[in-house]
Amino acid sequence: MRMLDAWKLIKEDIPHHLYLTGGMDWKSTDVFQRLSEPDFERIHLLGRVEEQDMPVIYSLSDFVIYLSLFEGFGLPVLEAMSCGVPVMASKISSIPEVTGDHALLVDPNSIESIAAGFLQMATEKSLKETLSAQGSQQTKQFSWER
């Protein structure tokens, strides 16, 4: 819901559409209701995407946003980074350990922090280029064996 609040703050300043992936559960009712509001006409729910299709979704993205409040490891962040896509993610839990300095980290509890991150990712081409190149290198530190 904080991401939607942040979107409302910046949606007029960027041309992007937002595509949400992931399974929907019993807690999703509020999100569905909220997305029916006119402010969210450029937000699209893709729902659960098959694992083998995610690299295509990542690769077609201008940037990926991953605002987890609790994360055991952060595999989706690494998946996006390995596709060469710049990432904006939570600066809490295990995410900073996974990304190092190679993602734009925001406070997932702060609407203002999320909105500022959205704007940076949407407008700062050099930031995205840097994060894309560095993120690809960061993923080389990880393997299934480790």
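Reader: Where in the chain is methionine 24 found?
Author: Methionine 24 is in the loop between β1 and α2. Those labels are for strands and helices, which are DSSP runs numbered from the N terminus (helices: H or I, at least four residues; strands: E, at least two). A word on the model: it is predicted, so local features need pLDDT of at least 70 and side-chain atom pairs count only at pLDDT 80 or more, while totals for chains, interfaces and linings use all residues. Residues are numbered from 1 along each chain as its sequence is written, and side-chain values use heavy atoms, with hydrogens and water left out.

Reader: Why is methionine 24 called partly exposed?
Author: Buried means under 20% relative accessible area, exposed means over 50%, and partly exposed is what lies in between (1.4 Å probe, protein chains only). Methionine 24 has 37%, so it is partly exposed.

Reader: What makes Met24, Phe32 and Leu45 a nonpolar surface patch?
Author: A patch takes residues with over 30% relative accessible area and no salt bridge, joining nonpolar side chains (Val, Leu, Ile, Met, Phe, Trp, Tyr) within 5 Å and like charges within 9 Å. Met24, Phe32 and Leu45 make such a patch, of about 250 Å². The area comes from the Shrake-Rupley method with a 1.4 Å probe, and for residues only the protein chains shown count as cover.

Reader: How do you know that methionine 88 is buried?
Author: Methionine 88, in strand β4, has a relative accessible area of 0%, so it counts as buried.

Reader: What makes leucine 9 exposed?
Author: Leucine 9, a residue of helix α1, has 52% relative accessible area, so it is exposed. Its C-alpha is 27 Å from that of methionine 81, which is 72 residues away along the chain.

Reader: Why is the pair of aspartate 39 and lysine 8 called a salt bridge?
Author: A salt bridge needs a side-chain nitrogen of Lys or Arg within 4 Å of a carboxyl oxygen of Asp or Glu. The closest N and O atoms of aspartate 39 and lysine 8 are 3.3 Å apart, so the pair qualifies. It links distant parts of the chain: aspartate 39 in the loop between α2 and β2, lysine 8 in helix α1, 31 residues apart. Both are partly exposed, aspartate 39 at 26% and lysine 8 at 35%.

Reader: What does the salt bridge of aspartate 62 and lysine 128 tie together?
Author: The closest N and O atoms of aspartate 62 and lysine 128 are 2.8 Å apart. Aspartate 62 lies in the loop between α3 and β3 and lysine 128 in helix α7, so the pair ties together parts that are 66 residues apart in sequence. Aspartate 62 is partly exposed at 35%, and lysine 128 is buried at 12%. The structure holds eight salt bridges.

Reader: What lines the second largest pocket?
Author: A pocket is an open set of points on a 1 Å grid over the protein atoms alone, where a 1.4 Å probe fits, with protein on both sides within 12 Å along at least five of seven lines; lining residues have an atom within 4 Å of a point. The second largest pocket is lined by Phe73, Leu75, Leu78, Glu79, Ser82, Thr139, Phe142, Ser143 and Trp144. Its volume is about 270 Å³.

Reader: What is the make-up of the largest pocket's lining, by class?
Author: It has 28 nonpolar, eight polar and eight charged residues. Among its 44 residues, Met3, Tyr19, Leu20, Thr21 and Ile65 lie nearest the centre. Ala, Val, Leu, Ile, Met, Phe, Trp, Tyr, Cys and Pro count as nonpolar, Asp, Glu, Lys and Arg as charged, and the others as polar.

Key
Grid points are joined across faces, edges and corners, and a volume is the space filled by probe spheres set on the points.
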